[in-house]
Amino acid sequence: MVYASSSAKRFSDSASETLPLLAYLIFAVALMLTDHRMNLGIQARAQLSVLIEPVWWLASLPSRMWSGVDDELATRQALQDRNERLARELQIVNARMQRMSAITDENQRLRDLLNATRNGNMQVQMVSILDVDLNPYQQRIVLNAGAYQGVKVGQAIMDAGGILGQVIEVSNNKSTALLVTDADHAIPVQVARSGFRSIAFGTGEPNRLVISDIPQSADIRKGDLLVTSGMGGRFPAGFPVAVIESLNADETGLFMVGRAKPAARLDRGLEVLLVNEIIPNPAPAPVSAPEIKAAPVVIDTAGKTDAAQKTGAGEKPATDNATPAKSDKP
Amino acid sequence: MIRQSSSVMRTVTLLAGVLFQIIPLPSGLDLARPYLLALFLCYWCLETPEKTGLGTAFIYGLLSDLFSSGLLGEQALRLVIMAFLVSRFRARLRFFPLWQQALAIFALLLNDRLIMSLLHWLVNDSALSWVAWLSPVLGMLLWPWLFVAIDMLRLRARERS
């Protein structure tokens with residue numbers, strides 16, 4: 001606090017200055033409290049999307065121009081190299097898919113024998129990330145699709161590496177997603193090897209998740225892959241979330257705390273997959289979703305894509321880089 | 001006419017400051033992003049105090065909160081405090097030589113970071129990383145250039161009219 005001088009004249013002078021200051025401070029604090037408790041910000045941003053979307057678009061302009069220039073200046077040799085590398089990667093992934101599809105077929109047969117529930121189809125949509133730096137203390141990204149493109153609050157997003165986060169705000173043409181690493185985020189997970197279930201919390205750091213309160217007896221080790229358990233129904237089951245990096249005893253000494261590195265490879269300018277709801281019956285796969293602009297791609301959890309889907313997907317071979325859901329129960 | 005061009009420039013620079021808060025920087029560097037909005041606000045508080053007060057600070061802070069998807073009211077609070085301090089010490093700050101002014105701006109920005117870390121600690125007890133404390137230093141280094149640049153632009157606008 002600042003106090004200038006203590007003479008009476010100065011005092012009345014400063015009172016006329018400090019009163020508005022106090023009023024503004026109280027107003028700001030009240031705003032912060034309502035936002036913190038009742039998510040005023042989300043509603044305000046949804047209402048003012050007409051104002052906010054062009055500003056976001058403007059802010060992402062420099063990096064888009066830069067990437068445009070970068071593409072123009074790329075040499076023929078570099079492009080050929082990249083093309084070759086991608087073709088090779090595609091072949092490897094395809095071979096892996098073939099093997100995977102045989103295994104999932106077998107799995108499905110066994111499930112049928114056991115009368116277990118079938119895995120549904122999952123509909124995904126490719127969405128690009130808008131290159132805007134939001135508040136650096138929150139782990140959030142802006143997606144280049146909104147309510148007009150069929151995005152809804154609560155949809156899971158993922159990339160080639162694994163689960164990335166979920167959509168929390170949707171405006172007309174943009175939406176904001178909370179990453180799994182945000183301090184406000186928690187995701188139900190399961191150790192892929194042993195089936196041990198827990199919840200992974202974000203920390204606010206870009207490369208760290210925390211799993212707390214692990215019982216000493218739990219079957220979990222360094223290097224274990226954590227996959228979504230499907231509990232809560234928000235995230236589809238069986239997708240990679242993180243890899244355990246270290247396990248330590250917590251302060252009480254009764255439980256362990258695990259630190260994990262997220263599996264998703266969040267890179268700027270990449271496209272992410274937006275998971276639509278899981279369709280319970282795989283047989284009549286909904287091909288047409290006319291109101292959705294970006295062509296939706298249906299991934300059959302059996303690993304095969306319908307011929308109709310391939311044509312529907314257009315030029316994006318998105319079905320190939322999404323890992324098919326593994327069986328969610330060992 | 002002079003007044004008009006000056007107020008246009010004020011709006012433009014402040015909006016540019018808001019925009020700069022969300023322009024993508026290389027990752028890692030975004031924590032050390034200089035707080036241009038605060039620098040512009042300081043400039044206009046020093047130069048046109050009758051037009052730039054706590055209200056201006058509050059409005060632009062709120063705008064920045066809205067766009068950067070932060071806690072609504074956080075930057076508004078920080079900028080109001082900054083505008084208050086600048087207007088309080090305006091008489092002295094105005095006649096400082098530029099380098100001394102830059103030091104004062106550094107103190108103001110540092111104070112702003114302290115308030116920010118306090119707010120963060122209250123909301124979700126996450127400490128600021130050390131990179132975040134580079135931001136006031138960058139702000140201090142930028143201040144003389146910004147000050148001279150805006151002064152020159154204003155002078156030219158005045159000559160033209």
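Biologist: In β11(A), which residue is the bridge partner of A:S246?

Modeller: A:R259 is that partner. This is a predicted model: local features need pLDDT of at least 70, side-chain atom pairs need 80 or more, and totals for chains, interfaces and linings use all residues. Residues are numbered from 1 along each chain as written, with chains lettered from A and ligands numbered from 1 in written order.

Biologist: Why are β10(A) and β11(A) called paired strands?

Modeller: Strands are DSSP runs of E, at least two residues; helices are runs of H or I, at least four; both are numbered from the N terminus. Pairing needs at least two DSSP bridges. β10 (240–249) and β11 of chain A have 7, antiparallel, so they pair. Their hairpin has 5 residues between the strands, and A:G253 takes a positive phi near 80° there.

Biologist: What else does β11(A) pair with?

Modeller: β8(A), residues 209–215, antiparallel over 5 bridges to β11(A), residues 255–262. A:L209 stands opposite A:A260.

Biologist: How many residues does each chain give to the contact?

Modeller: Chain B gives 28 and chain A 35, where contact means backbone-placed C-beta atoms within 7 Å. α4(B), residues 74–88, is among the elements giving two or more residues on the chain B side.

Biologist: Why is α4(B) called largely enclosed?

Modeller: Buried means 20 or more other C-beta atoms (placed from the backbone) within 10 Å of a residue's own; exposed means 12 or fewer, partly exposed in between. In α4(B), 13 of 15 residues are buried, so the rest of the structure largely encloses it.

Technical notes
Two residues are in contact if their C-beta atoms, placed from the backbone, lie within 7 Å.
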